[in-house]
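Let's walk through this structure together, one piece at a time. Have the model open beside you as you read.

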Amino acid sequence: MEKLNIGIILGSTREGRLSPQVGNWVKQLADQRGDANYTILDIADYKLPLLGEKDADASGAADWSKDVAAQDGFVFIVQEYNHSIAASLKNALDYLRVEWNNKAAGIVSYGSVGGARAAEHLRGILGELLIADVRVHPALSLFTDFENGSVLKASAVQETSVNQMLDQVIPWATALKTIR
Ligand SMILES: Cc1cc2nc3c(=O)[nH]c(=O)nc-3n(C[C@H](O)[C@H](O)[C@H](O)COP(=O)(O)O)c2cc1C
């Protein structure tokens, strides 16, 4: 059987963001498993304007659609902005519909309380997009999993949690592939 494609989506786009560190850490752990093709999808690369914004250059949207459609599942790298997800992630989710449908996802979040409130908001949005999000949810604390709130130093417990999350994403992504 062909390996699954799992996209690791960086939710934030601001200059100085931490999401590339977190995404690269997840990819490194995921690649050691050898059970899927893991690819980082950085929303910043697509330069998506606000959905439907007048006179804006939305030429990156076609690539965003193609790259998301090519995935069987996702790991969302989620940061907490005002107790919810970043506007960049919400906008990128809103751009697509069928490309998301009937796929599985895990969430890795971070924030002062592990990004937990943002992750729970995201779960509601994923339900509307027919994305099945798994239970295990690594939640990184800006105080204890990052040095000075800026350099990722995740504990072994968090590494185990990433693997447990992927242990749930892979079978669900495999199952959902059969109904697409
Ligand atoms: C606009 C904004 C709002 C934020 N609100 C929260 C918040 O409500 N709760 C929290 O734990 N952290 C909050 N933070 C801190 C972020 O979680 C932290 O800066 C994180 O690194 C942001 O992700 P990023 O570096 O990938 O952009 C906020 C940060 C920004 C920029």
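D31 and K27 both sit in helix α1, four residues apart, which is about one turn of the helix. Helices here are DSSP runs of H or I with at least four residues, strands are runs of E with at least two, and both are numbered from the N terminus. Side chains of opposite charge can pair when their charged atoms come close. D31 and K27 form a salt bridge, with their closest N and O atoms 2.8 Å apart. The term stands for a side-chain nitrogen of Lys or Arg within 4 Å of a carboxyl oxygen of Asp or Glu, and by this rule there are twelve salt bridges.

A word on the model: it is predicted, so local features need pLDDT of at least 70 and side-chain atom pairs count only at pLDDT 80 or more, while totals for chains, interfaces and linings use all residues. Residues are numbered from 1 along each chain as its sequence is written, and side-chain values use heavy atoms, leaving out hydrogens and water.

Now look at the strands. Strand β1 (residues 4-10) pairs with strand β2 (residues 36-42) in the parallel sense over seven bridges; pairing requires at least two bridges found by DSSP. Within this pair, I6 stands opposite Y38 in β2.

Finally, turn to the ligand. Polar contacts are pairs of N or O atoms within 3.5 Å. A polar side-chain atom of S12 lies 2.6 Å from an oxygen atom of the ligand, and one of Y110 lies 2.5 Å from a ligand oxygen atom.

Technical notes
A polar contact is a pair of N or O atoms within 3.5 Å; within protein, one must be able to donate a hydrogen and the other to accept it, and residues adjacent in sequence count only if both atoms are side-chain atoms.
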